[in-house]
Every structure is written in structure tokens, then in C-alpha cells.
Amino acid sequence: MSASSDSLDLFTPVFKHFRRLSAADCFTQAYSVTSHPSLFHHCPITTSIDLDESLGLKPISSWSLYSCLFCDGLYFLPNPFTSVGQHQWVHRALNDYARQTKTSVGDNSNNEQLARIRWATLGYHYDWTNKIYKDDDHTKMPNELAKLCQIIMQVISSSTNCPMMQAEAAIVNYYHLNSTLCAHTDHSEYDALTKPLISYSFGNAAVFLIGGQTKAECKPSPILLQSGDIILMTGSSRLCFHAVPRILSDPLLKEILCEHLDDECCWSYIHDKRININIRQVYS
Ligand code: SIN
């Protein structure tokens, strides 16, 4: 690669574009199945599985799965959760996953720093400084998260040629309305190329950008992620640069979540936040 193509960055200008755009334009320019149907290919779901009620999922017969034609190996499953289910996952992320010893605010077992928390890790804990997992730095992956991952993987892999994956590590990202996540790739897992990564969104909406395996390869594509949406990265998309330039206040969030919000504390947190839970297999 020549010096000029090596330094060519097609990612950052698109990131900056969405940083500056009005919220209304972000909602229309970012791809969704309804606004940009020609960019999504419907994959019929061929499996039926009995669902455990604690996962908060709608019956599988009502789900729609899509492969994204703008990024090879990227799948999109628009919100398969009930509104009670979405509330349960927000509740777990705040009352359980954020009260761990490994969070961006240190040991948060008393939950004193909830407003400031930026991330929590579960299962094999990611070492952000050295960008590695260590096999002796591990806590139990929550059962319900492992079960959710297993169901989603079973449905997607039986309807596509996506390989299965075991939930061994999770990163929970807590976003404020002005938060961003810079362009990065996830390649610290032992077998990143063959083991998919699943990512769940709850709360306010986001523009998620996904580009190529280098920033010079292509311009990133923007996807609109709303509460309950799931994306799965497998094959070549698993090693692609991705980022979150924008969190968008979702006018429908209160309607989705509040009907079931007996716990005021949950709403007072999530009304201006977004939570992302992403799950990986670390070892092969
Ligand atoms: C990530 O790439 O680590 C998180 C993406 C997201 O928040 O949707």
C-alpha cells in the first residue's frame, strides 16, 4: 500500500458529518429497513424454539432477520423484545451489570456512580490498556445473558450460514446523549474471524457506522439502531472498523418503556441514555 492510500481516511469525515447533523437528519439519513429497504435482504427464519419468559422476547414467528447488503457478514434483527423485556434488560444493566467490580468507575458494588458509569465488563474482563483478555481475570457470565445469546445465535445460524458462538465476555456501554464511541475494530478475541459478535441496543437511538477493515477501504455506512435492535457481525464484517458518532433522543422511548415502568429510577436514568451490550467468544 502506498503512503498516501495508507493514510487515506474515509471513516473520519463520515463520523464528523453525523456529529454535526441535526437529529432529524440523522434519523432520515441513517439506514433502517423502513427508510432504505433496498439495502437489506430478508432472511426467512426457519427455526422455532421454546422461549424462556425471562428473556423478554416476542415469539420467534414475529421476528424479521436481514442481512445488510452494504456490509458483508453484517446481520440486523430489528427489536425482537417485548416492551416488558426491554425494561427488564435496562433494569439488569443498571441494577446488576453496573454494580460490578470491573467498571469505568472502579468497584461500583454500591452503585454510587451510576450517573458517571461508561462501561462494565462481564465474563472474561477486557484489559483496556493492553487490549487483551486474561484467562485468570474472569467472573461468571450472567445466566440470562448467556441464554439470550444462545437463542439469538441459534435463530441466526439456522437461517444463514453464520457459525455459532459461546458467550464468554460482555462489554456493557453506557452512553449519554452527547457520548460518542471512536472508530475501532474488535480483534482481541482469539478467533475473531470465525466467532461472531452480537450487539444489543436499549434506550435512546444511535447512529452506528460500519466501514471496511482499514479506514481507507470504503466510506462507512450509517445504521439507525433503536431500542431492542440487535446486530450481529460475522465473517469479514467482524473485523471492520465501526463507531458510534451520535446518540439520538428517541421520542418513542417513553411510550415503549414507561407503560411498564413501575421503577421510576430506571426511567430517570434511561430517558437520556443508551445502553449497548455486546457479547463475544474469547477462546476457541
Ligand atoms: C461497540 O462497538 O463496542 C459498541 C457499539 C454500540 O454501542 O452499538
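Which residues does UniProt list for "binding site" in this chain? The points below take up this matter after a brief account of the fold.

1. The structure under review is a predicted model. Its chain contains seven helices and 13 strands.

2. Overall dimensions. The radius of gyration is 18 Å, which agrees with the value near 19 Å that a compact globule of 284 residues would have. Along the principal axes, the C-alpha atoms occupy a box of roughly 55 × 40 × 40 Å.

3. Of the 284 residues in the chain, 42% count as buried.

4. The annotated site. The UniProt record, an unreviewed entry, lists His184, Asp186 and His242 for "binding site". These residues are spread over 59 residues of sequence, yet they cluster in space, the largest C-alpha distance being 9.0 Å.

5. Asp186. This residue belongs to the loop that runs between β7 (181-184) and β8 (197-203). Asp186 counts as partly exposed because it has 18 C-beta neighbours inside 10 Å, whereas a buried residue needs 20 or more. Apart from neighbours within four places in sequence, Asp186 is in contact with Ala192 and Leu197.

6. His242. Strand β12 (residues 242-248) holds His242. Is His242 buried or exposed? With 24 other C-beta atoms within 10 Å, His242 is buried. When neighbours within four places in sequence are left aside, its contacts are Phe208, Leu209 and Ile210.

7. Helix α4. This helix covers residues 83-95, 13 residues in total, and spans 18 Å from its first C-alpha to its last, close to the 18 Å expected at 1.5 Å a residue. The buried residues of α4 are Gly85, Gln86, His87, Gln88, Trp89, Val90, Ala93 and Leu94. As background to such a list, an α-helix has 3.6 residues a turn, so residues three or four places apart point the same way.

8. A backbone point to check. Lys131 is not a glycine, yet its phi is positive, at about 55 degrees. Most residues other than glycine have a negative phi. Lys131 sits in the loop between β4 (119-127) and β5 (132-138). Lys131 is exposed, since 11 other C-beta atoms lie within 10 Å.

Notes. Residues numbered from 1 in each chain as written. Predicted model: local features only at pLDDT ≥ 70, side-chain atom pairs only at ≥ 80, totals over all residues. Helix = DSSP H or I, 4+ residues; strand = E, 2+ residues; numbered from the N terminus. Expected span 1.5 Å × (residues − 1). Buried ≥ 20, exposed ≤ 12 C-beta atoms within 10 Å, placed from the backbone. Rg over C-alpha atoms; globule rule 2.2 N^0.38 Å. UniProt positions renumbered as here; feature names shortened; annotations may be inferred. Contact = placed C-beta atoms within 7 Å.
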